[in-house]
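Visitor: I have a model open and want to learn how to read its features. Please take me through them one by one.
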Amino acid sequence: MLRRIVHVVFDGFQLLDLAGPADVFATAGLLARPGGYRVEVAAGRAGPVAANTGIRVEATTALADVGGEIDTLIVSGGLSVRRHLGDPELAAQLRRISGLARRTASVCNGALLLAEAGLLAGRRATTHWLAAGELARRYPDVTVDADRIHQRDGDVWTSAGVTAGIDLALALVADDHGARLAHDVARGLVVYLHRPGGQSQFSAAMTAPASPDGTMRELQAYIDGNPGADLSVPALARRTGLSERHFARVFTERVGTPPGRYVERSRAEAARRLLETTDHPLDRIARETGIGAPETLFRVFRRLWRVAPGEYRRRFTMS
């Protein structure tokens, strides 16, 4: 018997929030005969619904007409979510349909719609890191974990932004059929079964764009291309012809992060690339990237991505 998935969309929804999970469920169905999934798309009214890309998706059912037993209710997110937060009819329909479903889930900032419907009250949830603060402010009865890729609290599941809907769907498949099938689906779609790290690796605070200042931009390129070099503040200051104190201030202002933090992140990225592309032992990777010792490499990975370097390599190889 096929498990019935009702996926809710609305004008301006994020297309990948629907397409990503739908492909996971479809692939699982191909690999798990019998015992697959049937995805239905529902909206405020039946008919074409324009995604954020302008592509139209056919909603086969109006929310008010959704009835019967449902395995999983999934609510999409998108930039237009805020326009729908004040819609009492949508909130009422989500509460009603959730009551028919074995479990309820959201992708991205679709968590705001679940919270608006009261479905996250007293629960732990996650959402896109850009929306985490808003979710916490608007709905103080929700415990927000902004770093999780997906979060389960009882029969309610939430996930981070956009592609995290794929991670969520894989977790749902694993819950239904076991990790082996979820792993096979992930391999078929060429994605991680368990994505290494949390959302902090994608947040603005962890990303240092190229500086508009030519000198600092060249220095960033040097740092990124020479992780094993002497990248101490005195050494970098000498390369720019500035005093150490003045260099540290200028670098922080124009790059957006202190030089020591930038160097650590750059070296960690170099180590991550070596873990993905070589079979070098951890002590060699730590040494070649300027991190030093394997223990330091472990601490850096745990702090930045909440995963040990050996586990990161294992997961990358599995996918």
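Visitor: What share of the contacts in the protein chain with a separation of 6 or more comes from residues 24 or more positions apart?

Guide: A contact means heavy atoms within 4.5 Å. Residues 24 or more positions apart account for 65% of the contacts with a separation of 6 or more. Some ground rules: this is a predicted model, where local features need pLDDT of at least 70, side-chain atom pairs count only at pLDDT 80 or more, and totals for chains, interfaces and linings use all residues. Residues are numbered from 1 along each chain as its sequence is written, and side-chain values use heavy atoms, with hydrogens and water left out.

Visitor: How many helices and strands does the protein chain have?

Guide: Both are DSSP runs numbered from the N terminus: helices are H or I with at least four residues, strands are E with at least two. Here there are 14 helices and 11 strands. The C-alpha atoms fill a box of roughly 70 × 40 × 35 Å along the principal axes.

Visitor: What percentage of the residues is buried?

Guide: Buried means under 20% relative accessible area, exposed over 50%, and partly exposed in between, with a 1.4 Å probe and protein chains only. Of the 319 residues in the protein chain, 50% are buried.

Visitor: At what angle do helix H1 and helix H6 pack?

Guide: H1 (residues 15-31) and H6 (residues 164-177) pack at about 30°, with axes 8 Å apart. Under 35 degrees counts as roughly parallel, over 145 as roughly antiparallel, 65 to 115 as roughly perpendicular, and the rest as oblique. H1 and H6 are therefore roughly parallel.

Visitor: Which residues make the contact of H1 with H6?

Guide: H1 brings Gly-20, Pro-21, Val-24, Phe-25 and Ala-28. H6 answers with residues including Gly-165, Ile-166, Ala-169 and Leu-170. For classes, Ala, Val, Leu, Ile, Met, Phe, Trp, Tyr, Cys and Pro are nonpolar, Asp, Glu, Lys and Arg are charged, and the others, Gly among them, are polar. The contact has 9 nonpolar, 2 polar and no charged residues.

Visitor: How many salt bridges are there?

Guide: Look for a side-chain nitrogen of Lys or Arg within 4 Å of a carboxyl oxygen of Asp or Glu. That rule gives 20 salt bridges. One of them joins Asp-176 to Arg-3, with the closest N and O atoms 3.7 Å apart. Asp-176 is in helix H6 and Arg-3 in strand E1 (residues 3-8), 173 residues apart. Asp-176 is buried at 17% relative accessibility; Arg-3 is partly exposed at 24%.

Visitor: Which residues form salt bridges with Glu-40?

Guide: Arg-4 does, with closest N and O atoms 2.9 Å apart. Arg-4 lies in strand E1 and Glu-40 in strand E2 (residues 37-43), so the pair ties together parts 36 residues apart in sequence. Arg-38 also meets Glu-40, at 2.5 Å from N to O. Glu-40 is buried at 14% relative accessible area, while Arg-38 is partly exposed at 39%. Elsewhere, shared partners join Arg-3, Asp-71, Arg-102, Arg-103, Arg-152, Asp-175 and Asp-176 into one network.

Visitor: Is phi of Cys-108 positive or negative?

Guide: Most residues other than glycine have a negative phi. Phi of Cys-108 is positive, near 60°. Cys-108 sits in the loop between strand E7 (101-106) and helix H4 (110-116), and is buried at 7% relative accessibility. Val-162 also has a positive phi, about 55°. Val-162 lies in the loop between strand E11 (156-159) and H6, partly exposed at 23%.

Terms used. Axes are lines fitted to C-alpha atoms, for helices over the stretch in contact, and angles run from 0 to 180 degrees between N-to-C directions.
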